[in-house]
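Student: Could we go through this model together, with the cut-offs spelled out as we go?

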Amino acid sequence: MPPLPPTPTLPISYLSHLFDNMSECYKLFWFKAILDNVCAGKEQLSFEELIDCMIADVWYMVTEYRLNLGPSDTLEALVKSVYQKSGLKSSEKRERIIAWLHEGEDAELLRMKKTLTNQVPFRLQAPFMNSLKGREWEISRKKLTERINKEERLLYYFVDISGLKSKIAVTPEWRDYMRTNQVILRGWIQYHIIQYLQKRNPSVPGIVNKISPPQARKLERVTKYWKAVISCGDIHEIYGDCRMTEEQLSIDHFIPWSYVAHDELWNLHPTTRSINSSKSNHLPDWDSYFSKLCDVEYQAYEATWAYDGVHKEFDKCLKEHVNNEDVRVKLYRQGLTKPEFAENLKGIMWPVYQSAKELGFENWLLSPAPKPNEVHQ
């Protein structure tokens with residue numbers, strides 16, 4: 001990671017040590033919330049609005065990606081509590097999350113918010129304050145605030161201490177520095193967030209893609225490939241066993257995208273829009289569906305080598321959706337028998353599936369459509 005931009009008027013060397021010796025993630029997201037608000041034009045910030053920004057920043061990581069923020073992380077627990085009580089979706093927009101938090105009066109949530117303010121607003125600036133050591137930090141908030149406010153060249157100072165309504169004021173020099181160098185500072189924070197999350201989620205793939213909500217995924221080439229396959233044979237959808245048509249085609253990630261964070265061809269197969277919506281980001285029951293997945297994937301494999309039109313679309317997919325050379329050899333070389341193909345596909349998918357299951361992705365079975373005489377009048 002390149003050094004932060006220097007300036008003769010500010011102690012940038014202290015800033016560069018802001019995230020040293022972190023046992024929890026609070027410092028990362030507290031500082032990110034300050035940066036975001038300063039770059040939005042604010043000068044004074046309340047503890048509560050910064051905490052609300054922190055919750056919104058980790059919302060998708062915790063509720064959709066199921067990332068672990070720490071062994072007993074209060075911010076993670078707070079997000080999970082809000083998720084259960086609010087009815088907000090895992091994919092909820094940031095503005096709606098913050099609006100709900102701003103209006104909420106739940107006593108337990110307020111208590112958890114206050115817990116987050118016990119240390120980090122004060123301890124974040126420890127690299128700037130050599131005068132405070134060891135147990136000297138363990139004094140009343142009033143006395144600690146008075147000590148901190150006597151220090152020179154800090155990022156911010158305390159304007160008022162009143163629970164969640166407490167406020168900090170970022171100094172003009174640091175506000176200018178943050179606004180001028182915000183792109184570099186955001187990259188610096190992102191780097192430390194990725195490092196932190198990788199350490200606490202060692203078996204989870206695609207951490208770099210899970211620090212923010214996903215962008216629109218590009219599955220046009222895969223869609224064209226499966227349309228070509230469907231046009232050449234009798235392809236049945238694996239969950240509901242209906243015959244696929246090009247018009248109803250929807251591409252499903254067998255192991256949810258929110259776990260794998262990629263669009264590799266081996267994990268993609270055709271389904272209908274309604275079933276895809278019903279499945280959402282759950283894990284399909286392995287015993288019920290994996291053999292059917294093997295069937296339809298092998299049908300596509302055979303069509304690829306039998307029809308020029310399918311092979312043309314497959315070649316286009318290779319460039320974007322098959323990024324592992326070992327997978328290319330195991331699944332897409334010519335001459336594989338069906339047992340070989342199925343065994344190779346299982347070897348690729350099963351460890352990833354198990355890891356997603358251990359992380360908490362729920363097992364899913366398609367509910368059968370009711371028979372006419374079972375429909376309630």
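Tutor: Happy to! This is a predicted model, where local features need pLDDT of at least 70, side-chain atom pairs count only at pLDDT 80 or more, and totals for chains, interfaces and linings use all residues. Residues are numbered from 1 along each chain as its sequence is written, and side-chain values use heavy atoms, with hydrogens and water left out.

Student: How many residues of α2 are buried?

Tutor: Helices here are DSSP runs of H or I, at least four residues, numbered from the N terminus. Buried means under 20% relative accessible area with a 1.4 Å probe, protein chains only. The buried residues of α2 include Y26, W30 and D36. Of the 14 residues in α2, the buried number is 12.

Student: Why do the buried residues of α16 line one face of the helix?

Tutor: In α16 (residues 325–332), V327, L331 and Y332 are buried. Directions are taken from the helix axis to the C-beta atoms. Those buried residues line one face because, seen down the axis of α16, they fall within an arc of 80 degrees.

Student: Which residue has a side-chain oxygen that reaches the backbone nitrogen of D326?

Tutor: Look at the start of α16. The two atoms come to within 2.8 Å, and the side-chain oxygen belongs to N324.

Student: Which helix gives the most to the lining of the largest pocket?

Tutor: Lining residues have an atom within 4 Å of a pocket point. There are 20 of them, with K32 and D57 among those nearest the centre. α2, α3, α5 and α10 each supply at least two. The top contributor, with 5 residues, is α3.

Terms used:
Buried < 20%, exposed > 50% of the residue type's maximum accessible area, 1.4 Å probe, protein only. Polar contact = N/O pair within 3.5 Å; in protein donor to acceptor, adjacent residues only side chain to side chain. 1 Å grid on protein atoms, 1.4 Å probe; cavity = no way out; pocket = protein on both sides within 12 Å on 5 of 7 lines; lining within 4 Å.
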